[in-house]
Protein chains: 2
Amino acid sequence: MDESAEAGRRQLNTADLSALEPVERRSTAAIVADRIRTAIMRGTFPPGTQLGEVELAAALGVSRGPLREAMQRLVAEGLLRSERHRGLFVRELGAADVRDVYTARTAIERAAGLLLLAGDRAAAADRLTAALSRMEAAAADPVALADADHAFHAEFVAASGSPRLRRMAETLLVETRMCLAALQETLPPAAALIAEHRELRDAVRDGDAERMTAVLEAHMADAVGRILAPGPQVPAVPA
Amino acid sequence: MDESAEAGRRQLNTADLSALEPVERRSTAAIVADRIRTAIMRGTFPPGTQLGEVELAAALGVSRGPLREAMQRLVAEGLLRSERHRGLFVRELGAADVRDVYTARTAIERAAGLLLLAGDRAAAADRLTAALSRMEAAAADPVALADADHAFHAEFVAASGSPRLRRMAETLLVETRMCLAALQETLPPAAALIAEHRELRDAVRDGDAERMTAVLEAHMADAVGRILAPGPQVPAVPA
DNA sequence: GCGCCGCGGATTGTTGACAATAGTACGAGC
DNA sequence: GCTCGTACTATTGTCAACAATCCGCGGCGC
């Protein structure tokens, strides 16, 4: 009598609930931090610029309290530099920082790649293929291509299933884009870029660890060379 | 006439200035964050405990403003979990988190180790030897030994010269100690622990990359096994 | 008896104002 | 002419009060 008692009566089960994702309840500070992070990433706030609190707060329509909380988050992420009683500045990234970012990225993405190989390779390859096709679709537009490149690497690490690697990678990717924006770096030809990433996906799909790490390291080394080599467009603060 | 003009006259040069380190000018939020981080690390605030703002602010002698900023920092580091209008809670680490922390640590420390080998190995070995002797001095006291172990790994990564690896490692080390404190884990016999670290230093000193990575990975795998194996003292939230 | 509704206490989120500090420009003294 | 001292301005650091939201408990209706 339980299951077929009344026509319209039905208990809520977990399957129903899992269809509902938790309602968006993010703190104001988190939203503000996202906004500013994106602006820094896109080069809207070039490195070295001072971010006035009242100015930003007014622009974002919030008070200084939440804004300061957001700033602390960004300072913790290493995107901002705080000088007491002086203000907050967008961090300037020099040549050493570019190398450091890519060193760290290599470490993280290598580990993520190995996790991928140890897990469900087919599923991972599918996710990468999807990211790859988004890169192809964006091949014509440089900024969209940069977005897609960012998304590919984020997906690469996210697919590993490691929340910590994922978070670290996201921070590093933001710094990467800061470098690109600051140094006016132009991405390599879309075809070559996509080919490199396709090779990465193939290595994952085939479970070839050695090839995967080799491609990854070459990819990173290439990027560093490309950013730092083409003559000092910017003096590139040695610090 | 410039250099030997007057007896007592001498220009200030950069060498003089480099002897002076910048005066300590840290923000209140940073200090508060350090205090709370240490408390969490030491297990003073066990996982799951709610951190009331007014309570903490009163205890630390600051207002809620700076305290909230510090909290945002810790949330960004992943030590705290924030629920809107509910409060801040110390994150609970389950078995999956233990594995994840060590996965990330392995990635970071491996990269740092390779950087060590590529740099001044002798200097790095010296720093590690010093850290090692501090471990030996603390062998008798379990908590001091845990501190020294923490310090050794921090030194290991710091010696690599990569600020980003260093910061990530520090965050992960804090989480490591949260695990230890939460799971009531007892460190292995001091002698064995020190021997493992000594082997790591030897590998660095000798420039043996393969041995270094092997020892490191074994060390990490051991730790995970030790933390998770000895029977489920705590149900270890599967999430 | 069971479930729904409203209320009270407590906590967080946000705001505006106050205080302290650093940078800047100007003038006096050597 | 250069350096040092001083007032001013602008910005950040801090605080206490207000508003919004959520949890637990008691009462009500079914």
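**Pocket, sheet and helix pair**

Trainee: How do the residues lining the second largest pocket divide by class?

Mentor: The lining has 12 nonpolar, 4 polar and 4 charged residues. Ala, Val, Leu, Ile, Met, Phe, Trp, Tyr, Cys and Pro count as nonpolar, Asp, Glu, Lys and Arg as charged, and the others, Gly among them, as polar. The model is predicted: local features need pLDDT of at least 70, side-chain atom pairs 80 or more, while totals for chains, interfaces and linings use all residues. Residues are numbered from 1 along each chain, chains are lettered from A and ligands numbered from 1 as written, and side-chain values use heavy atoms, without hydrogens and water.

Trainee: Which residues of that lining lie nearest the pocket's centre?

Mentor: Of the 20 lining residues (an atom within 4 Å of a point on a 1 Å grid), A:Ala107, A:Arg110, B:Thr106, B:Ala107 and B:Arg110 lie nearest the centre. The largest share, 8 residues, comes from α5(B).

Trainee: What makes β1 and β2 of chain A edge strands?

Mentor: The open sheet has 3 strands in the order β1-β3-β2, with antiparallel pairing. β1 (50-51) and β2 (80-83) each have a single partner strand, so one side of each lacks a neighbour in the sheet.

Trainee: How do you know that β1(A) pairs with β3(A)?

Mentor: Pairing takes at least two DSSP bridges, and 2 join β1(A) to β3 (residues 87-90) of chain A. In one of them, A:Gln50 has A:Phe89 as its partner.

Trainee: Why are α8(A) and α8(B) called roughly antiparallel?

Mentor: Their axes come within 12 Å and cross at roughly 155 degrees. Angles over 145 count as roughly antiparallel, so the two helices qualify.

Technical notes:
Helix = DSSP H or I, 4+ residues; strand = E, 2+ residues; numbered from the N terminus. 1 Å grid on protein atoms, 1.4 Å probe; cavity = no way out; pocket = protein on both sides within 12 Å on 5 of 7 lines; lining within 4 Å. Axes fitted to C-alpha atoms, helices over the stretch in contact; angles between N-to-C directions. Parallel < 35°, antiparallel > 145°, perpendicular 65-115°, else oblique.
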